[in-house]
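Me: I would like to learn how to read a fold. Walk me through the features one at a time, please.

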Amino acid sequence: MAATNSNSENVQKPSFETFQLFSSTASGFGIFDDPAQQAPSIPPPPCVEVLPSEVHSSVKHSVESVNLDGITLLKGRVNTQQVFGLSNSDLVPGKYEGGLKLWEGSLDLIKALRCDIKSGLISFGGKRVLELGCGHGLPGIFALFVGAAAVHFQDFNAEVLRCLTIPNLNSNLSNKSHPLSSNFTNCDKIDVRFYAGDWNEVDKLLPYVATHVEDNQNAGYDFILMAETVYSINSLQNLYNLIKKCLRHPDGTLYFAAKKYYFGVGGGTRRFLSVVEKDGVMASSLVAEITDGSSNVREVWRLKPKEYHPSFSCCSCLYCCWFPWNDLEKGKSQPMWLQGSKIQYR
C-alpha cells in the first residue's frame, strides 16, 4: 500500500487494508511455510446458516463510500476488538480469518467483473452466485445489482456475517444514489442467504450443491466469487474441493482475486493454481494483473471446467462433466472416480 503523508490534508486514506499477520509485535514470517512449525490445529466453528434477523445491533457499524471507476458502493467498518476481543490482528487461525477488513482483491475483482460484463463475456442476469470468504460482501452485492437471481454469502465466522456482511448489504440496498440501483428493482424475489463455517464442511448447508438438489443437471452455482482467500497453504485443497462441489457443471465460472504471493503465510495465486493444474479438470486464464506499487503484485483469474465430450450423457455420476475427455481420447487412463461409472453414448 502506498504510504500516506500525514502532513498533507489532500491525501485520501485508502479504502482497503494491508495484510497483517497476528499482531503488530509478532514477526509472522514463514511460520506457516513449514508444517512442522505450525501450531496445533484448532477446531473450526460450527457451520450454520445466519439469518438476516440475527444482526448484532450492539456492535457499532459505520459506513463509508468506495468509488470503483464511477460506481460507488458502501463499505461498513466495525471494531475487531469489539467483535472478537482482538486488536491489531488480521489472522488468528481457527478463530478469526480477517473478515472484518476490506482487502484490495475485493475491489480488483469487481473491476474485472464489470469489464467482462461490458465486453459481453459474462452476464449475471438470472444466475446463481456464491461468494466465498465474503467479509464485506462487495463482489456479491455487485452481482445483485447487475441482475443475479440468487447470491449466497459465506464466511468463516458467523460474527462477520452478523456484524458486517448483513448490515453492509442493507446499507447498499437502501442507497439509491449510485447508478446500479436502477437495475435492482425487486428485492423480494431475490434469493439472498448467509452461511458461516469451514470450507471443509459448509457445502453440507448450501442449497444448490448436488446432494441437496434432486436434479443434478440443475445443481451448482453459475458463478463463484472470492477475493483474498488463497493466502494459507493449508486451506488451498479444501477450498478447491469446495469449489468443485459447488460450481455448476459444466458451464460454471470461478473468479478469484488475490496477491501473487502472501509472504509469511505461504499462499498466493500461483500456489492455488498449482493445486488446480495438478487436478487437471479446470482451465485457468489471467484476467488482470495489478502492479501499482502499493502492495504485492495482485491478480484476478477466471477458472472454468475443461471442455467435456459432447456425445455423452451421464446417468448417475455428477463429476463426469469434469473429466478432460481430450486426455481419454489420447489413451490416458480414467481417474478412479470414473472407473466403473455407467456412461451412455448417443
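Me: What is the order of the eight strands in the open sheet?

Reply: Start with the general idea. Strands of a sheet pair through backbone hydrogen bonds, either parallel or antiparallel. Here the open sheet runs β1-β6-β5-β4-β7-β8-β10-β9, and its pairing is mixed. The edges belong to β1 (48-50) and β9; each has a single partner strand, so one side of each lacks a neighbour in the sheet. From one strand to the next, the twist averages 20°. Angles run from 0 to 180 degrees between N-to-C directions, and axes are lines fitted to C-alpha atoms, for helices over the stretch in contact. Two strands pair if DSSP finds at least two bridges between them.

Me: What kind of model is this, and how are residues numbered?

Reply: This is a predicted model: local features need pLDDT of at least 70, side-chain atom pairs count only at pLDDT 80 or more, and totals for chains, interfaces and linings use all residues. Residues are numbered from 1 along each chain as its sequence is written, and side-chain values use heavy atoms, with hydrogens and water left out.

Me: How many helices and strands does the protein chain have?

Reply: Seven helices and 12 strands. Both are DSSP runs numbered from the N terminus: helices are H or I with at least four residues, strands E with at least two.

Me: In which sense do β8 and β9 pair with β10, parallel or antiparallel?

Reply: Strand β8 (residues 253-259) pairs with β10 in the antiparallel sense, over six bridges. Tyr-255 stands opposite Arg-302 in β10. Strand β9 (residues 282-290) is also antiparallel to β10, over eight bridges. There, Leu-286 has Trp-301 as its bridge partner in β10. Seven of the eight residues of β10 (residues 298-305) are buried, so this strand is largely enclosed by the rest of the structure. Buried means under 20% relative accessible area, exposed over 50%, partly exposed in between (1.4 Å probe, protein chains only).

Me: In which sense do β4 and β5 pair?

Reply: Strand β4 (residues 128-132) and strand β5 (residues 150-155) are paired in the parallel sense over four bridges. Arg-128 has Ala-150 as its bridge partner in β5. Helix α3 packs on the sheet and touches β4, β5, β6 (191-196) and β7 (223-227); its direction makes about 175° with that of β5. Contact means heavy atoms within 4.5 Å. Helix α4 (residues 158-174) also packs on the sheet, touching β1, β5 and β6; its direction makes about 155° with that of β6.

Me: How many residues of α3 are buried?

Reply: Eight of eight, in a helix spanning residues 138-145. Among them are Leu-138, Ile-141, Phe-142 and Phe-145. Gly-147 follows α3 and has a positive phi, near 110°.

Me: At what angle do α5 and α6 cross?

Reply: Two packed helices are described by the angle between their axes and the distance between the axes. The axes of α5 (residues 236-246) and α6 (residues 269-279) come within 10 Å and cross at roughly 55°. The two helices are therefore oblique to each other. Angles under 35 degrees count as roughly parallel, over 145 as roughly antiparallel, 65 to 115 as roughly perpendicular and the rest as oblique.

Me: Which residues does Lys-127 contact, leaving aside its neighbours within four places in sequence?

Reply: Gly-147, Ala-148, Ala-149, Ala-150, Asp-222 and Phe-223. Lys-127 lies in the loop between α2 (104-118) and β4. Its relative accessible area is 29%, so Lys-127 is partly exposed.
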